Amino acid sequence: MASLCRLATRAVSAKRFLTSLRPERARFLATAPAYPGHIPLTWFENAFLLVGAGLMTLADSRRGDLVAVVGETSAGPSLRRLRDIMLESPEGRKILKQRPRINTSTLDMNKLAQLPEGTFGRAYTTWLERCRVTPDTRAPVHYIDDPELAYVMQRYRECHDFYHCICNMPVNVESELAIKYFELANLGLPMAGFSAALYPWRLNTTKRHKVFSEYAPWALKCGSSARSLITVFWEERWEQNIKDMQKEFGIWDGPPAKWPKPLKGTREKQAPTEGVEKSVSLDM
């Protein structure tokens, strides 16, 4: 398995290097690049990367780059379905037309932090601070051929933290798995299903029992009944009350969890930093 994983990793690196060095050579590898950063793959290359990267992530769950590869190479028709759902929604159509991006270059973090308590923008910046994360960590999409579908995947990645925030879930292994169950029920992405099915078995018995008895039931029920979150234009809702947003979307808070940084004025316990580091790799 290790040899196959190493070979898959080298294939990814070689493909990126060749395409960046001489883009015209991509015509002989698959098709011409359809957008900046696109790395066209044949069906065999796609399958090879999916298997190799998948095995590597099982061996080392901290390889976030390969988790992203698995997310793209396994997406299949699910992205078309999500795109169609977006096209049926006024907000979704607006997102596809404008194609906004979410990072510290496009967001005024200081302005969001000064919004009143209870607003979504203020809750989001508080969530980032408490979880010690940044919106600048999402990898660009490379292996999805259709530019619009590639954007749908990119949009999902960059909105992932909003799902944590709106569900009041921190960043640790159990909470990340809870959001994966939520995404499986709400969005139907295959990678969310892979993570939800495989990663709980890497936990100890106590944590695994908590995931199956508390987090998974909440996530599957809440995710399946909630509005499809891929259609939400989050950037236009900064000043909206987050509780009102939960009611509008049909979402309620998940089970209590340990946060990396306790909220001021509460008796929350601080979770170990190690849990934060391991959980990041589950993101696509």
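Which residues in helix 9 meet which residues in helix 10? In this predicted model, local features need pLDDT of at least 70 and side-chain atom pairs count only at pLDDT 80 or more, while totals for chains, interfaces and linings use all residues. Residues are numbered from 1 along each chain as its sequence is written, and side-chain values use heavy atoms, with hydrogens and water left out.

On the helix 9 side, Tyr156, His160, Tyr163 and His164 are in contact with Ser175, Glu176, Ile179, Lys180 and Glu183 of helix 10 (contact means heavy atoms within 4.5 Å; helices are DSSP runs of H or I, at least four residues, numbered from the N terminus). By class, this contact has three nonpolar, three polar and three charged residues. The axes of helix 9 (residues 147–166) and helix 10 (residues 173–186) come within 11 Å and cross at roughly 115 degrees, with axes fitted to C-alpha atoms over the stretch in contact and angles running from 0 to 180 degrees between N-to-C directions. The two helices are therefore roughly perpendicular (65 to 115 degrees).

Turning to the aromatic residues, a search of the whole structure finds 15 aromatic pairs (ring centres within 6.5 Å, using the six-membered ring of Trp; planes under 30 degrees apart count as stacked). Phe120 and Trp238 are stacked, at 5.3 Å centre to centre with 10 degrees between the planes. Phe120 lies in helix 8 and Trp238 in the loop between helix 12 and helix 13, so this pair ties together parts that are 118 residues apart in sequence. Both Phe120 and Trp238 are buried (under 20% relative accessible area, with a 1.4 Å probe and protein chains only).

Conventions
Angles under 35 degrees count as roughly parallel, over 145 as roughly antiparallel, 65 to 115 as roughly perpendicular and the rest as oblique. Ala, Val, Leu, Ile, Met, Phe, Trp, Tyr, Cys and Pro count as nonpolar, Asp, Glu, Lys and Arg as charged, and the others, Gly among them, as polar. Rings of Phe, Tyr and Trp (its six-membered ring) pair if their centres lie within 6.5 Å; planes under 30 degrees apart count as stacked, over 60 as edge-to-face and the rest as tilted. Buried means under 20% relative accessible area, exposed over 50%, partly exposed in between (1.4 Å probe, protein chains only).
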